[in-house]
Protein chains: 2
Amino acid sequence: MARWEPDAGGRLARAALDLYIEHGFERTTVAEIAERAGLTERTFFRYFADKREVLFDGSSLLERTVVESIGAAPDDAGPLDAVGPAVVRAGAVLDERREHARRRATVVAANQSLQERELLKMAALTEAAAEALRGRGVDDLPARLAAATGVAAFSAAFARWVAQDAAAPTPMAEHVREALAALDGLTAASARRAAVV
Amino acid sequence: MARWEPDAGGRLARAALDLYIEHGFERTTVAEIAERAGLTERTFFRYFADKREVLFDGSSLLERTVVESIGAAPDDAGPLDAVGPAVVRAGAVLDERREHARRRATVVAANQSLQERELLKMAALTEAAAEALRGRGVDDLPARLAAATGVAAFSAAFARWVAQDAAAPTPMAEHVREALAALDGLTAASARRAAVV
DNA sequence: GCCGTTGATGTCAGCGCCTGTCATCAGGAT
DNA sequence: ATCCTGATGACAGGCGCTGACATCAACGGC
């Protein structure tokens with residue numbers, strides 16, 4: 001027989017999300033989370049670096065997905081052509097956990113310090129994508145910019161995916177494709193204008 | 001005669017930056033900052049929301065510059081054509097305070113929580129730019145994307161501006177122009193590829 | 001000139017986040 | 001049987017940050 005109840009980290013993460021939704025992030029103490037999970041505050045901090053990080057367990061999966069997808073792009077694909085499908089695949093990952101992702105998003109949207117942490121995760125995702133592009137021989141500056149552009153499309157798509165309130169919501173992956181298409185439209189308009197002038 | 005020494009906020013901000021550089025952000029307490037400024041800890045928190053915010057006093061100036069510049073763009077300018085010059089002007093603002101900006105950047109680069117705050121300010125800048133674009137009649141999605149793209153160019157330029165270590169450094173505004181040019185190159189390559197396929 | 005108001009600052013108490021350190025103790029290895 | 005390992009608990013303490021109240025020079029109306 002196991003000495004302790006299994007999956008302490010998972011129990012903590014679930015208790016935290018539930019309490020953040022019930023009472024709000026700031027009005028929830030780490031001691032309360034630990035108590036609901038049947039553990040102590042000290043143990044919480046052995047599993048998660050801080051009170052915010054408990055909501056960001058899945059971000060490494062997004063990062064892996066994007067990096068692998070960039071690596072799997074055809075050799076002759078340009079930076080943007082490698083990043084686009086990668087963020088679409090990342091969007092599909094969120095579709096698989098739609099309910100959890102949306103619950104989590106409502107909590108994050110209600111608290112500035114959580115938004116900061118989310119931005120840091122997006123920045124890490126951007127940096128990982130840029131590194132994957134450099135690994136394909138892309139120069140530093142275009143790699144940074146292509147990565148940032150792709151993540152911007154992902155983020156804009158995420159905002160709209162979360163905001164929609166339909167019975168049959170449009171999948172996140174589709175939102176990402178729309179954002180990428182809008183991006184194409186933007187640059188095409190700019191290029192046309194430059195050509196005219 | 002004034003009852004107190006003038007410019008309490010400025011004294012606090014200078015003391016904070018100096019101490020963050022001397023001892024590091026985490027190893028500096030708010031009480032130490034206040035003491036150096038000849039004030040108390042409680043007064044520090046009357047001027048700045050938290051220990052990090054004291055480094056981000058100038059961000060509202062960047063935001064105003066970008067918003068005004070977008071508003072001043074020709075009526076027929078596309079979203080990207082309005083955002084590009086705006087972030088170049090924002091870059092010029094940093095050039096005017098080069099030494100301060102670089103000292104500040106080294107502190108921020110050394111601490112994760114400061115990077116989070118910086119990302120939040122960049123997100124606020126992005127949102128302000130998007131709002132300015134919507135005010136020009138641009139739809140929500142392209143406004144978000146154009147704003148994010150411009151800020152991405154600004155951020156990439158900033159990273160390279162800070163990293164350079166030359167006697168006669170390239171101005172930030174020039175770095176921003178290069179980043180915008182690289183963006184054009186990226187999208188042009190992608191469009192060419194799309195045309196071939 | 002008196003006096004009430006104003007506003008920047010000080011003082012104090014306290015909560016919650018987070019960390020370092022040591023103790024505990026069931027299960028596995030030798 | 002003994003030792004070791006690793007997850008957990010217990011405790012103390014520092015620091016960030018907040019609320020509440022006190023202080024007191026300057027200012028303005030009278």
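Good morning. The area buried between chain B and chain A is about 3000 Å², and carbon and sulfur atoms give 68% of it. Buried area here is the accessible area, taken with a 1.4 Å probe, that two parts lose on being put together, summed over both. The size of an interface is often given in this way, as the accessible area lost when the parts come together.

Let me state the conventions. This is a predicted model, in which local features need pLDDT of at least 70 and side-chain atom pairs count only at pLDDT 80 or more, while totals for chains, interfaces and linings use all residues. Residues are numbered from 1 along each chain as its sequence is written, chains are lettered from A and ligands numbered from 1 in the order in which they are written, and side-chain values use heavy atoms, with hydrogens and water left out.

I begin with the interface. In chain B, 35 residues are in contact with 35 residues of chain A, where contact means heavy atoms within 4.5 Å. Six residue pairs, both at pLDDT 80 or more, are in polar contact between chain B and chain A. A polar contact is a pair of N or O atoms within 3.5 Å; within protein, one must be able to donate a hydrogen and the other to accept it, and residues adjacent in sequence count only if both atoms are side-chain atoms.

Which helices of chain B each supply at least two residues of the side that touches chain A? They are helix 5 (79–96), helix 7 (112–135), helix 8 (140–163) and helix 9 (172–196). Helices (H or I, at least four residues) are DSSP runs, as are strands (E, at least two), and they are numbered from the N terminus. Helix 8 of chain B gives the largest share of this side, 13 residues. By class, the side of chain B that touches chain A has 19 nonpolar, six polar and 10 charged residues. Ala, Val, Leu, Ile, Met, Phe, Trp, Tyr, Cys and Pro count as nonpolar, Asp, Glu, Lys and Arg as charged, and the others, Gly among them, as polar.

I turn to charged pairs. Side chains of opposite charge can pair when their charged atoms come close. A salt bridge is a side-chain nitrogen of Lys or Arg within 4 Å of a carboxyl oxygen of Asp or Glu. Over all chains the structure holds 32 salt bridges, and six are found across the interface of chain B and chain A. In one of these pairings, B:Glu116 meets A:Arg117, with the closest N and O atoms 2.4 Å apart.

Is A:Arg117 buried or exposed? A:Arg117 is buried, with a relative accessible area of 2%; buried means under 20% relative accessible area, exposed over 50%, and partly exposed in between (1.4 Å probe, protein chains only). A:Arg117 sits in helix 7 (residues 112–135) of chain A. Not counting residues up to four places away in sequence, A:Arg117 touches A:Asp50, A:Arg52, A:Glu53, A:Phe56, B:Gln112 and B:Glu116.

In chain B, B:Glu53 and B:Arg117 form a salt bridge, the closest N and O atoms being 2.6 Å apart. B:Glu53 lies in the loop between helix 3 and helix 4 (59–71) of chain B and B:Arg117 in helix 7 of chain B, so this pair ties together parts that are 64 residues apart in sequence. B:Glu53 counts as buried at 17% relative accessibility, and B:Arg117 is buried at 2%.

Another salt bridge joins B:Arg144 and B:Asp140 (3.0 Å, N to O). Both lie in helix 8 of chain B, four residues apart, about one turn of the helix. Salt bridges that share partners also join A:Asp50, A:Arg52, A:Glu53, A:Arg117, A:Lys121 and B:Glu116 into one network.

Finally, the DNA. Around DNA strand C there are 22 residues, of which A:Arg3, B:Arg3, B:Thr43, B:Arg46 and B:Tyr47 come nearest; a residue is near a strand if one of its heavy atoms lies within 4 Å of it. The side chain of A:Arg42 has an N or O atom 2.8 Å from a base oxygen of DNA strand C. For B:Thr43, an N or O atom of the side chain is 2.7 Å from a phosphate oxygen of DNA strand C. Helix 3 (41–47) of chain A and helix 3 (41–47) of chain B are the elements that give two or more residues to the surface near DNA strand C. That surface has eight nonpolar, five polar and nine charged residues. Thank you.
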